[in-house]
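Subject: Handover of a structure and its findings

Dear colleague,

Please find below the structure that I am handing over to you.

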Amino acid sequence: MKQYLKIDEWSIIEESFDPGTQEISESVFSIGNGYMGGRANFEEQYSGHSLQGSYMAGVYYPDKTRVGWWKNGYPEYFAKVLNSTNWIGINIDIDGTPLDLAKSTVTDFRRVLNMKEGTLSRSFTAELEDGKQVKVESIRIVSMTRQEIGAIRYSIVPLNFAGQLTITPYLDGDIKNKDANYDEKFWNEVEKKSAGDSGYLTLKTKKLDFHVTSAMAFDILVNGGNTTAQAEAIEQEKYVASRVAVAVQPNDQVVIYKYAANVTSRNHGLGQLVDAAKTALQSAREAGFVALLTEQADAWRDKWKESDIIIEGDVSAQQAIRFNIFQLNQTYNGEDDRLNIGPKGFTGEKYGGSTYWDTEAYCVPFYLSTADASIARNLLIYRYKHLEKAKENARKLGFTKGALYPMVTMNGEECHNEWEITFEEIHRNGAIAYAIYNYVNYTGDQSYLGQYGLEVLVEISRFWEERVHYVPRKDQYVMLGVTGPNEYENNVNNNWYTNRIASWTMEYTLEALAYLQENEPARYAELLEKLELQDSETGKWSEIIAKMYYPVDEEMGIFLQQDGFLDKEIIQVKDVHPEHLPLNQKWSWDRILRSCFIKQADVLQGLYFLGDRYDLDTKKRNFDFYEPITVHESSLSPCIHAILACELGYKEKAYEMYLRTSRLDLDNYNNDTEDGCHTTSMAGTWMSIVHGFGGLRVLNGRLNLNPSNPGHWTSYSFKIMFRGSRLLVSVTDTQVTVTNETDIPASLTIYGQEYTVNGLSSVTAQGTNITA
């Protein structure tokens, strides 16, 4: 871990240029708007180590699966969100020598991600090998209000010479994915045109026929006035550019305004792409860069009004939570139910940009509390639309009924090819069922069950029914050959969490059926007929629920992660020499599998999801056993431990886990931020504060708060939206104040005491357990 970024409440700041951290910074300083986004690559050319990345949501490619030993049931491809046309490029040549920071002496370097207003800026002074010096300033946005638009203001000042600047704004479609399985390029050119101060380029994918048109236009000003220099049009394979030569004197300021539009065939007809790009581009250019900046600041002000968390007395923690919220808000906006959230968002290529169970387990709670309910609803509808594919996935693995949602997907098909994940990590089905419960429980939108939810629940329950195995001598149902959330264990029998979430899913499905039968009898009858649901099936689910086997150790009073777990040598992480960590980078896979060490919350994941079913003593015994042997080498691990630690009153452990999850990428805890930020785990960071320190739960349809305050903070506050109300929860060392910022009354419980917060008013509760 190397902390090289300055601590600041509202900004991420880098104050010197280090080629060794460039790829990490490209991830951390990424910007996007839910429709498109990209890494913080330089506008001018850079010959050092860099992962160029510009991504369009929903545009992907089925890269051929690459495995050494093919197994029946493997998907034929791994879906990758594609590196798309590089639209930011502005090459600068100084008297024929390219401006390249890898070949220059760089001073006064400063890069700033302004999270309050959604801008990425950079400034530096560069001295070329021939002694010429230039000062550069740039600012870039990906517009939150004009989803297809990006814009750049790039300024260059010659400091000690008179000469010629050659400026070449371009669109480069000759790009590739670093993670391509066979080093293949995925794009073919369709058409292009370069004309003076503008140009466009249309590409299509070699498979699936996604089309993307990128268009650019630019203005060049010298000392505030338009230049008379003529642009030379350039057209090459998958590339368009315009070259402009400008004569300069010392301290002249040359400013390039570059506007770009990126449109896709997901939203426009093939014959309309070029016109759509030109229309969006013209509108942005006519508005001008200053107006676009103002729009951007206004849009982000509204975002922060809904989702900001304020921490007093700990700037590092404050910066971290805002960074996590910022990345989440620029990754997914919920406006398109065909889209979901990739583990890296728009920040990198690892994991292909596809959808994992991370969405349901970690992201849904964030959007439930910080946005209109329709946003989280669209995440659920995404899975509903993939139900038929999930049923196909189950058939491919030999099941006769039910649905197995994929571990990794873009279109509902499984596209992950590690056998222990593809075939065995089936607990993902439970996360999808739990997300339906979570949504309905939080919003009170029971109508979702009849419209969409019940069909998914029934098909998942059918899968569990067939996946379990009855053992007559035990008179119990077991589940063999699975991988739980702890991926440092494969092919185990009776993973406690998997068995528990399977049983819970069937239980909740029966509850949903009973609710619809009583409250929506016509829809209930319609669904019974559509699903061909038989009493024999629901009866079997009840039997499985009653007879499900759960491994436990009665002497220690803990749930066993799986059968035989205590046969391992139990060694705590604190007793492992630091040179062995992280295990996944230092140990062989064989050694990891034979060890007791846990990658992420497993048993504890279940105790978090189903927390209302277990008492504090049960949670304490399990936490005290499992956390000390957990290495937290999954980005999804620290947040769950932080939440449970808060509930148990382990304030220092909770704070430690909060910092680890919140600053995971900023401080490069796992030594992998160069691959992209851990976007979905950022929702877990939000959960650490709101569900952890804030103690938020929804029990029997009622909002419950049980806040605590780590001794490191003077105070903190967060906002949550709950059934039409937006509530500001402020916590100090002595009291909790809840302010209703809407005119819709809210009923809630604070420390077990019931309150009603009327519209535009507040209530205050005194707490005895607020501080450690």
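The notes below set out the conventions and then the findings.

This is a predicted model, in which local features need pLDDT of at least 70 and side-chain atom pairs count only at pLDDT 80 or more, while totals for chains, interfaces and linings use all residues. Residues are numbered from 1 along each chain as its sequence is written, and side-chain values use heavy atoms, with hydrogens and water left out.

Strands around E15

Helices (H or I, at least four residues) and strands (E, at least two) are DSSP runs, numbered from the N terminus. Two strands are taken to pair if DSSP finds at least two bridges between them. Buried means under 20% relative accessible area, exposed over 50%, and partly exposed in between, with a 1.4 Å probe and protein chains only.

Strand E15 (residues 211-222) has 10 of its 12 residues buried. Strand E14 (residues 198-205) runs antiparallel to E15 and is joined to it by seven bridges; Ser198 stands opposite Ala217 in E15. The two form a hairpin with five residues between them, and Leu208 in the turn has a positive phi of about 70°. E15 is also joined to strand E19 (residues 254-264) by 11 bridges, again antiparallel, with Val212 facing its bridge partner Thr264 in E19. With strand E16 (residues 225-226), E15 pairs in the antiparallel sense over two bridges, and Leu221 has Asn226 as its bridge partner in E16. The hairpin of E15 and E16 has two residues between the strands, and Asn223 there takes a positive phi near 55°.

Tyr170 lies in strand E12 (residues 163-172) and counts as buried at 9% relative accessibility. Tyr170 and Met216 are 46 residues apart in sequence, yet their C-alpha atoms are 7.8 Å apart in space. Contact means heavy atoms within 4.5 Å. Leaving aside neighbours within four places in sequence, the contacts of Tyr170 include Trp87, Ile90, Met216, Tyr239 and Lys258.

A four-stranded sheet

An open sheet has the strand order E2-E3-E4-E5, with antiparallel pairing. Its edge strands are E2 (31-32) and E5 (77-83), each of which pairs on one side only. Three bridges join E3 (residues 36-38) to E4 (residues 54-64), and Met36 has Met56 in E4 as its bridge partner.

Helix H6 (residues 373-385) has 13 residues and reaches 18 Å from its first C-alpha to its last, close to the 18 Å expected at 1.5 Å a residue; the expected span is 1.5 Å times one less than the number of residues. Of its 13 residues, 10 are buried, among them Ile375, Arg377, Leu380 and Tyr384. What covers the buried residues of H6 includes helices H5 (358-370), H7 (387-396), H9 (428-443), H10 (447-467) and H12 (521-531).

A nonpolar core is a set of buried Ala, Val, Leu, Ile, Met, Phe, Trp, Tyr and Cys residues joined through side-chain atoms within 4.5 Å. The largest one has 241 residues, of which Leu99, Tyr367, Tyr626, Tyr658, Ile689, Ile720 and Val738 touch the most other members. Helix H11 (residues 496-519) supplies the largest share of this core, 10 residues. Beyond its neighbours within four places in sequence, Ile720 has contacts that include Tyr442, Trp686, Leu703 and Val729.

Aromatic rings

Rings of Phe, Tyr and Trp (its six-membered ring) pair if their centres lie within 6.5 Å; planes under 30 degrees apart count as stacked, over 60 as edge-to-face and the rest as tilted. The whole structure holds 48 aromatic pairs. One of them, Tyr434 with Phe609, is stacked, at 4.0 Å centre to centre and 20° between the planes. Tyr434 lies in helix H9 and Phe609 in helix H16 (residues 603-609), so the pair ties together parts that are 175 residues apart in sequence. Tyr434 is buried at 9% relative accessible area, and Phe609 is buried at 4%.

A charge sits over a ring if NZ of Lys or CZ of Arg is within 6 Å of the ring centre and within 35 degrees of the ring normal. Arg322 lies over the face of Trp10, at 3.6 Å from the ring centre.

Yours sincerely
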